[in-house]
Amino acid sequence: MSTDEILEPHSNPADLTSMNTTANMIEAALRQLHELPTPVTSWLVETGTDSTDDPAIWVWAMLKEDVVDFAKRSRLRTMVRDRVRDLVQSEDEHPTLVYVRFRGASEFVQQD
């Protein structure tokens, strides 16, 4: 199985529409988070299945700073995971896997 197959979203069009709606909803909710431990300039959210075929959510936080200490990143990661799980998880479901990644300002600067 290739990396593309591992991270590829569901192929069913109905599932894809649902996942896009979920990703948009999550991104909007993350923009509403206040008192973050470090400034975030934008969010990118993707949904799909991970390497174990479990539903998963990937969140990239685009940080304003390139260097953010571990404690702040750890607090932000926890805030994001908790918020995403609150949005998508029902009590009777297996916990949704939420992968939180960070990008520093220099990693997403537009090149002319």
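**View 1. The whole chain, from end to end.** This is a predicted model, where local features need pLDDT of at least 70 and side-chain atom pairs count only at pLDDT 80 or more, while totals for chains, interfaces and linings use all residues. Residues are numbered from 1 along each chain as its sequence is written, and side-chain values use heavy atoms, with hydrogens and water left out. You'll find three helices and three strands here, and from the N terminus they run α-α-β-β-α-β. Helices (H or I, at least four residues) and strands (E, at least two) are DSSP runs, numbered from the N terminus. Of the 112 residues, 29% count as buried, meaning under 20% relative accessible area with a 1.4 Å probe, protein chains only (exposed is over 50%, partly exposed in between).

**View 2. Strand 2 and its two partners.** Two strands pair if DSSP finds at least two bridges between them. Strand 1 and strand 2 are antiparallel, with nine bridges, and Val 40 stands opposite Leu 63 in strand 2. These two strands form a hairpin with five residues between them, and Asp 53 in the turn has a positive phi of about 70 degrees. Strand 2 and strand 3 run parallel, joined by seven bridges. Look for Val 59 opposite Val 100 in strand 3, and for Trp 60, whose bridge partner in strand 3 is Arg 101. Strand 2 is mostly covered, with eight of its nine residues buried.

**View 3. The largest nonpolar core.** A nonpolar core is a set of buried Ala, Val, Leu, Ile, Met, Phe, Trp, Tyr and Cys residues joined through side-chain atoms within 4.5 Å. The largest one has 18 residues, and Leu 30, Trp 43, Val 59, Leu 76, Val 80 and Val 84 have the most contacts inside it. Helix 2 (13–31), strand 1 (40–49), strand 2 (55–63), helix 3 and strand 3 each give two or more residues to this core. Strand 2 gives the most, with four residues.

**View 4. Helix 3 and Leu 76.** Contact means heavy atoms within 4.5 Å. Setting aside neighbours within four places in sequence, Leu 76 is in contact with several residues, including Leu 36, Trp 43, Ala 61 and Phe 102.

**View 5. Thr 96 in its loop.** Thr 96 lies in the loop between helix 3 (70–88) and strand 3 (97–103). Is Thr 96 buried or exposed? Thr 96 counts as buried because its relative accessibility is 11%. Not counting residues up to four places away in sequence, Thr 96 touches Pro 55, Ile 57, Arg 85, Val 88 and Gln 89.
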